[in-house]
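Good morning, and thank you for coming.

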Amino acid sequence: MKKIASYLKPYVPRMLLGFGIKFTGTIIDLFIPWILAYMIDNIVPQKNVPLVLAWGAAMLACAFGAMITNIIANRMASKVARDSTERIRHDLFEKVLSLSEGQTDEFTIPSLVSRLTSDTYNLHNAIGMMQRLGVRAPILILGGIIVTLILEPVLAMVLILLMPLMAFVVYFFSKKGIPLYSKLQQNVDKLVRVIRENITGIRVIKALSKTEYEKERFGGVNSEVSASEKKASLTMAKTDPLMNFLLDMGLVLVVLIGAFRVNAGLTKTGEIIAFLTYFTIILTAIMTVTRLFVMYTKAVASAKRISAVLEAPDDLTVEEILSNPAFNEDEKEHISFENVSFSYLKSKNNLENISFGLKKGETLGIIGATGAGKSTILKLLMRFYDPDEGSIKIDGRDLRSIPEAELRSKFGVVFQNDTVFADTVYENIDFGRGLPKENIISAASFAQAEEFINSLEDGYDAQISAKGSNLSGGQKQRLLIARALAGKPEILLLDDSSSALDYATDARLRRSLNENFKDSTKIIVAQRISSIMHAEKIIMLDDGAIAGMGTHEELLENCEIYREIYASQMGGGIADAIRNEYAGNKRFG
Amino acid sequence: MQYGMNMREIKGSDEAKFKSGVLIRLWKYLYEHKWLVFLAIFLSVASNVLSLLGPVLSGRAIDAIEPGKGNVDFKKVFFYCALMVVFYAISSAMMYLLSATMVALSQKVIVKMRKDVFEKLVDLPVGYFDKNKTGDLISRITYDIDTVNTSLSNDLVQICASVITVFGSFFMMVAISPVMVLVFAVTIPASVAFTKFMTNKVRPLFRKRSAKLGELNGFVEEMVSGHKTIKAYGREKVMLERFDERNLQAVDAYYNAEYYGSMVGPSINFINNLSLSLVSVFGALMYLFSMLSLGDIASFLLYSRKFSGPINEFANIISELQSALAAAERVFKLIDEEPEKDDIEGAHVFENVEGNVEIKGVSFGYTPEKTIIKDLNLKAEKGRLIAIAGPTGAGKTTIINLLMRFYDPDKGIISLDGVDIKKGTRKSLRLSYAMVLQDTWLFGGTIAENIAYGKPDATMDEIISAAKAAKIHGYISRLPDGYSTVLDEDGINISQGQKQLLTIARAMLLPSKMLILDEATSNVDTRTEMKIQQAMRKLMEGKTCFVIAHRLSTIQNADIILVVKDGNIIEQGNHEELMEMNGFYSQLYYSQFENC
């Protein structure tokens, strides 16, 4: 909450000015009944028509003044709401992008999305409303109390004694309401999640004719959201009648005590009547405050969810770690893993004691069973997570000592199922880096993407739809590879990113990488041995541990699992036969 | 010029039609719970009347105090005070009941509305999702419906309460002085005209506000989903700049709507003050000409204040109502989207399917300008294995889209067991297929639920044996919660390949006679693939299978291999035949050994 308040701080002068204007407007507005009373009591008895008209004109002037000041104040309030929301959203988005992978997993993506959208929206709404309605009512309350105190201090005491009781009601229900609204937002997260799942999985759902089931599933979450909203709203709905009742009881007390005081000759009946009128004004104002207060409760729940993200500690900070003093320039290893172990859930290790070194320009192939930890190695190298044990170094510097921007600028990467954005082809390759056009075009050509891009109607300007749904799997992959190559990266990471390419295209891609990216150190995760067999180093990963490391020939000789995979992919003897035949064909053709 | 005018007129009347349409449709939702609506109206009338009684009672009590010092009639005072306590208690209780009724009513409406939107959403053709951003769709089901909700639960009661007070005080004013009421003949039309003017002005602004927020949400959803990529490339700053642009547009649209919206309250207040001034001046003049007593002016003024109070409230509500209408419009637009066409009447239900698929002269393109499949002919008899091979982007997945009727062909016929699939129900057709796609899809449930997704009544034994056959049992049993592990979206602890194995296990539980494998094992390592070969073979046994794969080894033993290039089937035959042709297929085939 403090965090959100700090966003409003710079606007305090503007808000105060707005309050001032609103205050003036309210006072001017209150002049009107006063003029009216004055006119009836003093002017009318004089039977002076021009004077009546003059005072009438004064009333009109006040009415006009009240309108103008109120409009100005309202607009100022809207402006403050707009500017502060804009900043909060900006910072929140920035923070979301800077969260570490572990933190993102913890918040979950749908929740982050709804915090950025519906929670900031709630806040926007509340900031505007509070300013617009939150001035007039307190002025009326305060003014009312002051006037009643002057009028009849004893009766006013009744009112003042009621105040702590009302404050308690407000406090009590806010205490109860905030967690209820937080719970509601959590359920909204769930709702968003089901909708997301249905949108992304629509094909599977339709194929399995599960729409009815999904409708039911949604129905469940839907009623959960509704139930929690009902609970929160009903709790808050109690405040209004309760406050009303308290004030009405105060009124009865005023009449009763008034009766005794009149009887004792301490006060006049007229004063009680006036008192009751003011009481009603105060009552209406307090009702407005209660309503505002319900809105405030809701906003606090949202603000807390926003603050939770904003105040998330910086994960993976840069640490002061001395480079290896024994670092030898001659055997310069570009990338090195030293006894690295890592576990996502901090239970069973997903990677166990991984060590390897790569020289600049070398290629490392990683192969291994599904779930063996191949992608995890890449994620650690990019420092999406820190290893639990051991260290990872680039140019002899521990990853933890390299500032994030510098670290990330070294990489060109394609993840498994990487994201294609709803933008043009060109922009998807450039990805906001403002690279020279030649780089984009040559990257597309290296990535074997040029042909299909040129076949698109608008070429590089062709619009790609959300999630890249108008591209085939292979087209998407080539586009992503072009993105990775366009920055001429120092280190190129390809995580099973040519799986949708046919062999011929894959082979051309490999050749082009070897020719054009000699200086880039490459790590290629693949399923096909043919994709990595020419790498200087191949790691055979098995269940998080290195089962074999070396060149293709070495592994064929020493590593049983590798041999098995090779046999499975090359079809053993048959493949040899075909190869011979192919060779024959070539000779004759 | 003439033409332009016409266009605007037409557009205007359409909009008016849509606007009243929105109101009618909202009313329909309310009408379903008409008893609650009536109850709410009754409660609001009753509590208003009771609250009007309060002042009368206190007036009586004061009358009893009136005689002054020593003469106060305490018996009466106590009596009226006791009555006041009772009435106020009842009034408060009614207020609470009213709120509770409104909460219940609006929740019922909202649940129904969300349900309608969602059910429509999943009934939309697959193509719709290719065109629309996830975030914008989510925004409609959450934020837009929420806006309608807020307005329903607050504004409705206020409108009811206002109407009563307005009529009551109008009646009283006419009773006091019909001539003075004429003042309102000036101010009421003024406020009506003003409200109308504002509504026209503000409505498109609120519409824009909803649309811009939807856009922002669409962007946020895309960015947050792709945050890993953004971080990997260190593009946070650029994306933040782009976010800022959309953020600014969204808050500006909000501000613009409010810029005019914030005029409404003070302006209506002004009109009211205007009538107050007119009433006092005219009242004073009438008094001067002895046409009205001072007491009459005082009570007329009191009632005129009561009269204009609700009207003032009402003006405030209008801007809220406008935003609700704009939001409702977006919701209804989604509900009005063309769903997948209904099955034809008396459609054939595919049961005990044999699995004979025939494609005759089929042409298709996602857009009319670009034909992706031209004149495709194929006969797949039951139990046959049909493989589709070819370079990426050649239209392989499109064939699957047509087989499952995610799209209908532009020309030609696809038949199953001799029945045109257009003449059958979509549900029965789709259920005849089991499908494993490259894009694995798992939902946020337990692993067991995910495997049993296509067969909810599957026993735990069946689930486990499917998982074993798909070689994923070992992994699952090593998880702390085993089969009850909940898969979080973007869960970190499951790899892409493992996801594919889970979807294979899912397919294994289906009794379907036909099978579609679209790159089903692309993320599975070949060793695991080998291990699941046997299970896959069993899965494919006796079924008509359509297989898309890049690994030619997977498809070598297919009965028919379709070689697709640029949307044309350029070669068709079994492996041997195709190799003999020495054409494109053989080139593809050899290319995989090129580097050996």
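Buried area is the accessible area, taken with a 1.4 Å probe, that two parts lose on being put together, summed over both. Please keep in mind that what you see is a predicted model.

With that definition, how much area do chain B and chain A bury between them? The value is about 15,700 Å², and 65% of it lies on carbon and sulfur atoms. In terms of residues, 159 from chain B are in contact with 172 from chain A.

Let me now turn to the polar side of this interface. Seven salt bridges are counted between chain B and chain A. In one salt bridge, the side chain of A:Asp423 meets that of B:Arg242, with 4.0 Å from N to O. Polar contacts across the interface of chain B and chain A come to 24 residue pairs, with both residues at pLDDT 80 or more. Which element gives the largest share of the side of chain B that touches chain A? That is helix α8 of chain B, residues 236-288, which supplies 32 residues. By type, the side of chain B that touches chain A comprises 82 nonpolar, 45 polar and 32 charged residues.

I move on to a sheet in chain B. Here four strands make an open, antiparallel sheet, ordered β2-β1-β4-β5. In chain B, β2 (373-380) and β5 (419-420) are the edge strands; each has a single partner strand, so one side of each has no neighbour in the sheet. Strand β1 of chain B, residues 357-364, is joined to β2(B) by five bridges, and B:Ile359 has B:Leu378 in β2(B) as its bridge partner. Across β1, β2 and β4 of chain B lies helix α10(B), residues 396-403, at about 115° to β1(B).

Chain A, in turn, has an open sheet of six strands with mixed pairing, in the order β6-β7-β8-β3-β9-β10. Its edges are β6 (411-414) and β10 of chain A; with a single partner strand each, they are therefore left without a neighbour on one side. Neighbouring strands of this sheet are turned by 15° against each other on average, direction ignored.

Strands β7 and β8 of chain A run parallel and share five bridges, with A:Leu493 opposite A:Ile523 in β8(A). Strands β9 and β10 of chain A run antiparallel, also with five bridges. Those two strands form a hairpin with two residues between them, and A:Asp543 in the turn has a positive phi of about 55°.

Conventions:
Residues are numbered from 1 along each chain as its sequence is written. Chains are lettered from A and ligands numbered from 1 in the order in which they are written. This is a predicted model: local features need pLDDT of at least 70, side-chain atom pairs count only at pLDDT 80 or more; totals for chains, interfaces and linings use all residues. Side-chain values use heavy atoms; hydrogens and water are left out. Two strands pair if DSSP finds at least two bridges between them. Contact means heavy atoms within 4.5 Å. Axes are lines fitted to C-alpha atoms, for helices over the stretch in contact, and angles run from 0 to 180 degrees between N-to-C directions. A polar contact is a pair of N or O atoms within 3.5 Å; within protein, one must be able to donate a hydrogen and the other to accept it, and residues adjacent in sequence count only if both atoms are side-chain atoms. Ala, Val, Leu, Ile, Met, Phe, Trp, Tyr, Cys and Pro count as nonpolar, Asp, Glu, Lys and Arg as charged, and the others, Gly among them, as polar.
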